[in-house]
Amino acid sequence: MSASGLCSYCGRAPAHAGFSYCSRTCGRAAANGGDDNSYGGGPSYGGGSSYGSYAQYDDDDDDSPPAGGPNYNGGYGGYGGYGGGYNANATGGYDPYGNAAGGYGNQGYGWGTQYQQPPAPAPTVDPTLCEHCFARPKHGTHKYCGRTCGQAAKNGLPPRQPPSSQISVPPPSFPTPFGIAGKPCKIASCNRIEEYGSGYCSDRHRRQGVKDGLDPACLYCKTMPRDGPKSLFCGNKCSQAATSAAPILLEVPTSDPRFTDGKSSFHQNKLLAGQFKTAWKHNANPPKVARVYKIILPQSLIDSYDAYKRNLEGTGNFAGKGMEPANERRRWHGTRRVCKIGDDGKNLTFCNNSNCSVCLILKNSYDVKFAAVGMFGKGIYTSATSSKSDSYTRGAAPGSQYKAMFLNRVAVGKGKILTSADNSLRAAPAGFDSIIANPGSGLNYDELIVYDNNAIRTSWLLLYEAR
């Protein structure tokens with residue numbers, strides 16, 4: 001520990017009690033000699049692909065554009081090495097959504113010449129105490145407690161040393177990589193500064209913050225806070241592990257900001273149970289959503305969907321018209337569930353029953369060849385109305401009290417609007433990519449039909465009361 005009480009490595013944050021360093025990060029960096037993964041020089045903390053750079057990790061996949069297009073949180077190119085001075089105008093610059101070439105990755109920023117370490121804050125003493133003895137309260141509006149201390153100060157006698165119990169040292173304020181003063185750790189009993197804008201001073205306190213309910217947990221490891229307000233994971237490691245294990249279901253706790261009964265002040269369409277509730281049109285009493293699961297798809301399914309979207313966008317220029325890229329929408333799909341997958345949050349294994357459409361879709365995505373012929377031909381049917389999709393669920397599975405419904409991402413492209421049935425369709429009419437069926441002759445609620453397997457991907461699975 002340095003004489004100032006600050007970390008012997010970074011010299012910025014107070015050293016942890018009994019140790020020379022403020023955190024494991026600085027301790028490891030010092031042990032490594034300050035090379036690549038430390039505060040000096042190298043392209044540390046990323047430098048490459050980002051946290052959650054897959055479209056499926058955008059949990060804001062509603063009718064507003066996902067952040068940065070197909071990527072969510074799409075490419076913090078890494079924080080680079082501390083020590084070089086951040087130059088916002090360098091190639092790549094800073095783009096939190098992955099649209100810049102390289103992000104912070106290889107530029108580095110830190111204390112360099114631009115951000116000098118601030119001086120340690122001066123200790124402060126209780127201002128109500130006598131400024132000479134620091135033992136008794138001041139008398140009235142005077143500096144001292146009485147004539148004795150006043151005369152002693154007048155005679156040039158030095159003041160006594162204040163007792164340690166009366167001295168407080170405010171936590172230092174350090175510039176973050178974004179040029180904003182560092183904030184204190186969220187743990188109330190901690191007086192250290194957050195690391196890298198995470199809100200916490202260490203991994204131990206990050207885990208504590210999740211336990212204390214200060215931040216929602218990563219859906220995969222369930223122990224660390226997520227790496228952003230919209231992210232589902234704590235970082236690249238968990239996001240990649242989830243993709244490697246796909247297809248899987250990850251439960252969204254009822255306490256999660258994305259799971260709501262519709263009473264939250266958040267935008268309703270960005271909250272899953274809230275959207276289900278507001279999209280229920282058949283009566284004024286929608287069933288209660290009991291469980292919500294994020295569906296993690298294999299990367300191959302994400303890639304084929306993204307390729308389909310790029311093709312639609314290339315021909316339709318929907319983003320240039322103020323729409324979503326590929327005119328992407330979020331739509332419901334109800335279907336049969338014969339097993340009890342997801343009923344208790346522990347049974348998340350897909351069944352092998354060929355009649356369980358929910359598990360077949362979870363394992364393989366949608367397939368037009370299994371679709372029935374409906375009012376608008378043989379296609380994959382979805383709706384913006386949750387109660388419309390409910391009519392296709394065929395009741396609860398044996399022994400279960402819940403029905404299941406998917407919330408999907410659908411690349412609409414150029415939709416042909418129809419108000420009357422045409423069950424001869426096997427593809428969208430020439431010059432169109434989908435059918436938008438609006439209420440009209442024989443149709444009371446909206447439907448959206450696509451005829452290409454790559455035009456739709458599952459995003460969420462909701463279980464709700466069967467009645």
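Helices (H or I, at least four residues) and strands (E, at least two) are DSSP runs, numbered from the N terminus. The model is predicted, so local features need pLDDT of at least 70 and side-chain atom pairs count only at pLDDT 80 or more, while totals for chains, interfaces and linings use all residues. Residues are numbered from 1 along each chain as its sequence is written, and side-chain values use heavy atoms, with hydrogens and water left out.

Backbone geometry is taken up at the start. Most residues other than glycine have a negative phi, and most peptide bonds are trans. Asn317 is not a glycine, yet its phi is positive, at about 50 degrees. Asn317 sits in the loop between α6 (299-316) and β5 (328-334). Accessibility is classed as buried (under 20% relative accessible area), exposed (over 50%) or partly exposed (in between), with a 1.4 Å probe and protein chains only. Asn317 counts as partly exposed because its relative accessibility is 43%. Ser365 also has a positive phi, near 70 degrees. Its place is the loop between α7 (357-364) and β6 (373-374). Ser365 has a relative accessible area of 7% and is therefore buried. The peptide bond from Ala246 to Pro247 is cis, with omega near 0 degrees. Pro247 belongs to the loop between α4 (236-245) and β3 (248-252).

Strand pairing was examined next. Two strands pair if DSSP finds at least two bridges between them. Strand β12 (residues 447-450) pairs with β8 (residues 380-382) in the antiparallel sense over 3 bridges. Here Thr382 stands opposite Leu448. Strand β11 (residues 434-437) is also antiparallel to β12, again over 3 bridges. Leu448 is the bridge partner of Ile436, and Ile449 stands opposite Ile435. Strands β10 (residues 415-418) and β11 run parallel and are joined by 4 bridges. Ile417 has Ile436 as its bridge partner in β11. In a regular strand the side chains alternate between the two faces of the sheet. In β12, Glu447 and Ile449 point one way, Leu448 and Val450 the other, and all are buried.

Charged contacts follow. A salt bridge is a side-chain nitrogen of Lys or Arg within 4 Å of a carboxyl oxygen of Asp or Glu. The whole structure holds 11 salt bridges. Arg226 and Asp256 form one of them, with the closest N and O atoms 2.2 Å apart. Arg226 lies in the loop between α3 and α4 and Asp256 in the loop between β3 and α5 (272-278), so the pair ties together parts that are 30 residues apart in sequence. Both Arg226 and Asp256 are buried. Glu328 and Lys309 meet in a salt bridge at 3.4 Å, N to O. Glu328 is in strand β5 and Lys309 in helix α6, so this pair ties together parts that are 19 residues apart in sequence. Both Glu328 and Lys309 are buried. Salt bridges that share partners also join Glu195, Asp203 and Arg206 into one network.

Lys138 forms a salt bridge with Glu131, the closest N and O atoms being 3.1 Å apart. Lys138 is partly exposed because its relative accessible area is 26%. Glu131 is partly exposed too, with a relative accessible area of 35%.
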